[in-house]
Amino acid sequence: MHTIQTQVKVNKDHVLNLVLPEDITEGTYQIVIVMNPQPDNEHDNDDTPDEIALEGIKEGLKQAISGQTIPLSQMWEGIDV
């Protein structure tokens, strides 16, 4: 089972075009469509969904409370800016 979230456009003839990830193999699938209208001019493909951002914040708080931290001096090690 795959869960895919992507933006699609529906044309005036009610046809929608969808590009699937390459790891989806040829075959027969059952698809469930959840329609969540998006304003054409306000959608930002780089915007992290709220659920994912909140989960990251919760995980960070758990790590901080349990002492799973690193010194600030090591925070940027290995990152080529």
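Helices (H or I, at least four residues) and strands (E, at least two) are DSSP runs, numbered from the N terminus.

**Figure 1. Overall arrangement of the protein chain.** From the N terminus on, the order of elements is β-β-α, comprising one helix and two strands. The model is predicted, so that local features need pLDDT of at least 70 and side-chain atom pairs count only at pLDDT 80 or more, whereas totals for chains, interfaces and linings use all residues. Residues are numbered from 1 along each chain as its sequence is written, and side-chain values use heavy atoms, with hydrogens and water left out. Of the 81 residues in the chain, 1% are buried; here buried denotes under 20% relative accessible area, exposed over 50%, and partly exposed the range in between (1.4 Å probe, protein chains only). The chain exposes about 8500 Å², of which carbon and sulfur atoms supply 53%. Accessible areas come from the Shrake-Rupley method with a 1.4 Å probe, and for residues only the protein chains shown count as cover.

**Figure 2. The helix α1 and the glycine that follows.** Helix α1 has 16 residues and spans 22 Å from its first C-alpha to its last, close to the 22 Å expected at 1.5 Å a residue. The expected span is 1.5 Å times one less than the number of residues. Because the number of buried residues among the 16 of α1 is zero, the helix lies largely in the open. Gly67 follows α1 and has a positive phi, near 85°.

**Figure 3. His14 in the loop between the strands.** His14 is located in the loop between β1 (9–10) and β2. Its phi is near 65°, a positive value in a residue other than glycine. With a relative accessible area of 71%, His14 is exposed.

Figure 4. Ile4, Val8, Val10, Leu16, Leu18, Leu20, Tyr29, Ile31, Ile33 and Met35 form a nonpolar patch on the surface, and together they have about 910 Å² of accessible area. Patches are made of residues with over 30% relative accessible area and no salt bridge; like charges are joined within 9 Å, and nonpolar side chains (Val, Leu, Ile, Met, Phe, Trp, Tyr) within 5 Å. A salt bridge is a side-chain nitrogen of Lys or Arg within 4 Å of a carboxyl oxygen of Asp or Glu. Leu18 is placed in the loop between β2 and α1 and is partly exposed, at 36% relative accessible area. Met35 lies in the loop between β2 (16–17) and α1 (50–65), and its relative accessibility of 59% means that it counts as exposed. Met35 and Val8 are 27 residues apart in sequence, and their C-alpha atoms are 9.9 Å apart in space.
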